[in-house]
Amino acid sequence: MIAVLVIILGYMLYRGIGAINVSFFTDLPKPVGEPGGGIANAIVGSAIMLVVAILLSLPIGVLAAIYLSEFGHGWFAQTLRFLTDVLAGIPSIVVGIFAYTLIVIPMRSFSGWAGGVALAIIMLPVIIRTTEEMLRLVPQSLRDGGLAVGAPKWRVTVDIVLASSISGIATGTLLAISRALGETAPLLFTALGSSLWTTNLERPMASMPVQIYTYAISPYDEWHQKAWAAAFTLVAIIFVLNVVVRFLTRSKHG
Amino acid sequence: MDTPAEQTSAPLTILERLRPSHLGDFLFRAITLAFASLVLVLIVAMLFEMIQNSMLSFQKFGFGFITATVWDPPAREFGALPFVYGTIVTSILALILAVPISIAVAVFVTYQAPMAIRRPVISLLVELLAAIPSVAYGLWGIFVLVPFMRETVNPVLRSTLGFTPLFDGPSFGLGTLTAGVILAIMVTPIITTVSRDVLAAVPSHQRDGALALGATQWEAIRVVFTYALPGIVGAIILGLARAIGETMAVTMVIGNRPDITVSLFSPSYTMASVIANEFTEATEQIYLHALIEIGVLLFAVSFVVRAAAQLLVRYATRGRNIGREG
């Protein structure tokens with residue numbers, strides 16, 4: 001297993017290193033035949049759609065997790081937990097279809113919004129589950145203490161339970177981001193991809209994974225090299241996020 | 001699983017709840033409940049939207065859609081069987097390759113590995129393997145695995161097992177077998193992690209007892225396996241669920257041809273990969289609706305498979321909060 005990991009990563013670095021330089025991160029894609037060019041617009045596009053996805057999924061996810069952890073004893077909460085697992089298991093391409101029917105068809109255009117919503121749906125169950133687990137780790141005595149001094153339950157939940165698990169929630173969010181960052185399938189026909197600078201969420205938008213896919217299935221060698229370089233960059237970012245998550249969870253729970 | 005103690009006072013009437021001192025809590029509970037319910041709304045909306053947007057295809061082809069073998073968009077013939085078949089064959093191949101390795105690694109990690117590398121090193125590796133995006137596996141698949149299969153693995157298979165129709169016929173590198181191999185690499189982490197959790201949940205006296213009675217390591221592990229079987233099956237089914245829904249890597253190495261062939265060397269197609277590959281080309285309504293209907297099928301299949309896996313893993317690890325992917 002170690003061998004597989006080393007082989008895949010090493011090969012990625014070996015093939016991609018030649019294309020990684022400053023302009024790779026700052027330039028727009030160039031047509032085949034022209035030297036240079038980069039994936040700057042894809043990096044920016046990925047970042048914009050992730051921000052949209054976080055703004056949508058983080059508040060929803062945290063509030064939902066508060067319900068499950070603080071009020072969720074009955075059959076309905078149990079059902080919601082099961083449905084959260086179902087949501088996490090829906091193939092991401094199906095989430096893409098949903099975002100397409102929900103946003104692309106009414107707007108009559110592929111758009112960054114649709115991509116952001118698709119990513120939000122993918123992040124939501126991860127955020128709900130990790131946040132619920134973090135909230136449950138807060139000792140019951142802290143809640144009781146708050147209630148005993150006469151604070152209403154909502155104040156106790158917000159000021160004590162939530163406040164003391166902020167770092168855990170941040171960790172869960174990082175995990176969700178690292179999952180959404182590499183998702184390609186749900187972006188193929190929502191954000192579509194673009195070779196232009198796009199900060200307009202109502203227009204098709206480039207993203208790193210879709211750019212890798214486009215380059216990988218193209219017949220041009222120079223694009224293949226860009227695909228390797230972009231894949232290496234993407235995997236490096238995801239690994240850093242994962243290692244940070246591990247470090248944070250370890251220092252918290254010994 | 002600790003449940004915060006519920007307040008034991010008598011339930012409040014509506015009027016009491018609306019008193020200022022309780023109003024905050026009442027609203028807070030209502031708001032969080034509303035957001036939690038969004039998960040339910042989301043899933044219902046997803047099904048509703050997809051079914052509504054596949055109506056044309058459903059009305060035209062009915063249930064025959066699943067068993068029809070011809071997929072010919074220009075002729076407006078749409079049958080899903082080639083994709084269902086492709087998904088089943090690639091997933092089974094992936095499991096055949098991945099299950100022995102995953103279980104061996106899980107046993108090694110749980111019982112045999114030196115303590116120092118047991119949890120930190122191996123679980124980090126498995127997590128990193130699981131974190132590599134599908135498209136990166138696909139890229140590696142196109143440029144490394146496909147040529148390797150075409151020039152090394154497939155010729156060997158043909159010369160040794162070529163008498164069976166499975167390993168006969170021309171080999172392009174792109175094809176069912178290659179897709180199965182890449183899926184195997186991708187599902188190994190999840191099967192390994194869940195199996196490891198299941199094995200760790202087996203009470204240690206089961207194994208200790210066997211060892212105390214003079215059983216060898218191997219015999220002791222067989223005892224543990226009897227105990228852990230439902231959970232291991234659950235882990236395998238979770239891997240299956242992942243394989244069924246996997247899209248990008250498969251699309252990039254399977255060859256994308258809607259044929260039902262026995263030879264594992266020939267190109268084929270899966271449900272997920274046909275959606276990924278043809279969705280933006282579907283200019284006609286009926287074509288789009290047929291693709292979305294495949295999406296509905298994929299949703300249904302992965303739901304059933306995953307629910308079964310969850311039940312098994314939960315049964316095997318009763319009370320412990322493990323076995324959830326993610």
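Analyst: Let us start with one residue: leaving aside its neighbours within four places in sequence, B:L139 is in contact with A:I212, A:A216, A:A227, A:W228 and A:A231, where contact means that the C-beta atoms of two residues, placed from the backbone, lie within 7 Å. This is a predicted model, in which local features need pLDDT of at least 70 and side-chain atom pairs count only at pLDDT 80 or more, while totals for chains, interfaces and linings use all residues. Residues are numbered from 1 along each chain as its sequence is written, and chains are lettered from A and ligands numbered from 1 in the order in which they are written.

User: How many residues of helix α11 of chain A are buried?

Analyst: A residue is buried if 20 or more other C-beta atoms lie within 10 Å of its own, and helices are DSSP runs (H or I, at least four residues) numbered from the N terminus. In α11 (residues 208-216) of chain A, eight of the nine residues are buried, among them A:I212 and A:A216.

User: Which residues have the most contacts inside the largest nonpolar core?

Analyst: In soluble globular proteins, nonpolar side chains tend to be buried together. A nonpolar core is a set of buried Ala, Val, Leu, Ile, Met, Phe, Trp, Tyr and Cys residues joined through C-beta atoms within 7 Å. The largest one here has 171 residues, and those with the most contacts inside it include A:I212, A:A231 and B:L139. Its largest share, 17 residues, comes from helix α3 (residues 40-71) of chain A.

User: How many residues of chain B are in contact with chain A?

Analyst: There are 63 in chain B, in contact with 62 residues of chain A, and the largest share of that side of chain B, 17 residues, comes from α2(B).

How values were computed:
Buried ≥ 20, exposed ≤ 12 C-beta atoms within 10 Å, placed from the backbone. Helix = DSSP H or I, 4+ residues; strand = E, 2+ residues; numbered from the N terminus.
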